[in-house]
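Subject: Handing over the structure

Hello,

Here is the structure you will be working with. Please keep it open beside this message while you read the notes below it.

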Amino acid sequence: MKRTGPFVLSVVIGLWILVAFFVKPLRGAQQTLLLWYTIVGAFALVVGLINLIQSHLRNLQRGQNVPYSLILLFGFFGTLAVGIYAFFQGNAFDPYSPLMWVYGYVLAPLQSTMFSLLAFFLASAAFRAFRIRNMEALLLLLAAVIVMLGRIPWTEHTFAGITEWIMAIPNLAAQRGIQIGVALGAIGMALRILFGLERPYLR
Amino acid sequence: MATVIGIWIAAFLTLAIFSFLYGDNPVYKAVEHLYIGVSAAFWFLYLWSFTVYPNLVVGIRQHGWLGKDLLLIPTVLGLLMLFRLVPRYGWWSRYPMAFAIGLGAGLAITGVLQGLLFPQLQATILNPLTSVNNFLLVLGVLTSLLYFYFSREHTGVMGWIARIGIYFIMVAFGATFGYTVMARVSLLIGRVGFLLSDWLHLM
């Protein structure tokens, strides 16, 4: 019940999807399984959220990082309250709803500023990584500099051609090689799961 | 009025995140926790509105638990997922996990073959002798793929092939790095532009 049941379920579902790909009458059931997958996935997010809330409530109980945990819980329940209010008012995702106000003036600025910070850290990482010690480092540096120059308005006209060539030929070739490797690896891992050699769900 | 308050809040949050450039500080940490709380609630509401509500709630209302799509099953599987939070009965969550992983494995084989492996191979089947670009493309794909082949030692001919492969991979990494930097810089320009124009009206 604890180990065999999940194993049988995983193999049967996996083989069903595989067979449904080749047998047309089974395609309808495949669509139903995909719908179930999205619903089960939504419950997985709920598990994550409850875990997050539990972890910060525990912080409050223990008196650890109290202000930060309070701010997180305020952000979570505040946004949830606004969302539920907007939901009952009509469409919560309407551009002029209170929820989208929170998105536009709180979430979007936080998100884009957080990611823009990476520009500074990438610059300092580049300073350390781009020391030309060998041919590989030289190629890395040249490709990065040329692509960056090809995207700046001042130098775009000079470097646009070579940037396009780098993206379309050597970059594409290596990315394609990596993608083919990833595809073969994914198929191998999927077969291991279907044959029961890999059982990550038992953890 | 709501817009003015929103702009001031967004400006404060932007500056609070940028304060990390000076060093880790309580203001940054507070805003970081706010970001986690707000984004967790926002994406939960998004999932509810666009996945759970239309597929599960509306589906049950229209067709019932055991009607079209048998929505009772994903609901039970989803509820079993919540047992993850109760250590004693945590093993029940293996069923929805096994369902998701089995389905993912089945989909990976068909999806990766059809959507990734075959199209990439098809695009690489070129006559390498018709142009320099074609030659470089085929050479790059084969050598970068062989670079990840570790069942044979990278010495002799294999060593040379792997060396050419790593050159292509380094160019690709450099190009990806350049692109990422430029994407982050444009986000940074966006945030600075917001502070100077929307908030301070200097631009």
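Asp69(B) counts as partly exposed because its relative accessible area is 21%, where buried means under 20%, exposed over 50% and partly exposed in between (1.4 Å probe, protein chains only). The model is predicted, so local features need pLDDT of at least 70 and side-chain atom pairs count only at pLDDT 80 or more, while totals for chains, interfaces and linings use all residues. Residues are numbered from 1 along each chain as its sequence is written, chains are lettered from A and ligands numbered from 1 in the order in which they are written, and side-chain values use heavy atoms, without hydrogens and water.

Asp69(B) sits in the loop between α2 and α3 of chain B; helices are DSSP runs (H or I, at least four residues) numbered from the N terminus. Asp69(B) has a positive phi of about 75 degrees, although it is not a glycine. Most residues other than glycine have a negative phi. Chain A has a case as well: Asn65(A), which is not a glycine, has a positive phi of about 45 degrees. Asn65(A) lies in the loop between α2 (27–62) and α3 of chain A.

Asp69(B) also forms a salt bridge with Lys68(B), at 3.5 Å from N to O. The term stands for a side-chain nitrogen of Lys or Arg within 4 Å of a carboxyl oxygen of Asp or Glu. Lys68(B) counts as exposed, at 53% relative accessibility.

Leu66(B) is in the loop between α2 and α3 (72–81) of chain B. Is Leu66(B) buried or exposed? Leu66(B) is exposed, with a relative accessible area of 63%. Leu66(B) is one of the residues of a nonpolar surface patch, together with Trp65(B), Leu70(B), Leu72(B), Ile73(B) and Val76(B). A patch takes residues with over 30% relative accessible area and no salt bridge; like charges are joined within 9 Å, and nonpolar side chains (Val, Leu, Ile, Met, Phe, Trp, Tyr) within 5 Å.

Other salt bridges

Another salt bridge is made by the side chains of Glu164(A) and Arg151(A), at 3.4 Å from N to O. Glu164(A) is in helix α6 of chain A and Arg151(A) in the loop between α5 and α6 of that chain, so the pair ties together parts that are 13 residues apart in sequence. Both are partly exposed: Glu164(A) has a relative accessible area of 44% and Arg151(A) one of 30%.

The loop between α5 (135–149) and α6 (156–168) of chain A also holds Gly150(A). Gly150(A) is buried, with a relative accessible area of 3%.

Ile169(B) belongs to helix α6 (residues 156–199) of chain B and is buried, at 2% relative accessible area. Ile169(B) and Val141(B) are 28 residues apart in sequence, and their C-alpha atoms are 9.7 Å apart. His33(B), in helix α2 of chain B, counts as buried at 17% relative accessibility.

The largest pocket

A pocket is an open set of points on a 1 Å grid over the protein atoms alone where a 1.4 Å probe fits, with protein on both sides within 12 Å along at least five of seven lines; lining residues have an atom within 4 Å of a point. The largest pocket holds about 160 Å³ of space, the volume being what probe spheres set on the points fill, with grid points joined across faces, edges and corners.

Which elements each supply at least two residues of its lining? They are α3 (66–89) and α4 (98–129) of chain A and α2 (26–63) of chain B. The largest share, 5 residues, comes from α3(A). Among the lining residues are Phe74(A), Trp101(A), Leu34(B) and Val38(B). By class, the lining has 7 nonpolar, 3 polar and no charged residues; Ala, Val, Leu, Ile, Met, Phe, Trp, Tyr, Cys and Pro count as nonpolar, Asp, Glu, Lys and Arg as charged, and the others, Gly among them, as polar.

Regards

Technical notes: Accessible areas come from the Shrake-Rupley method with a 1.4 Å probe; for residues, only the protein chains shown count as cover.
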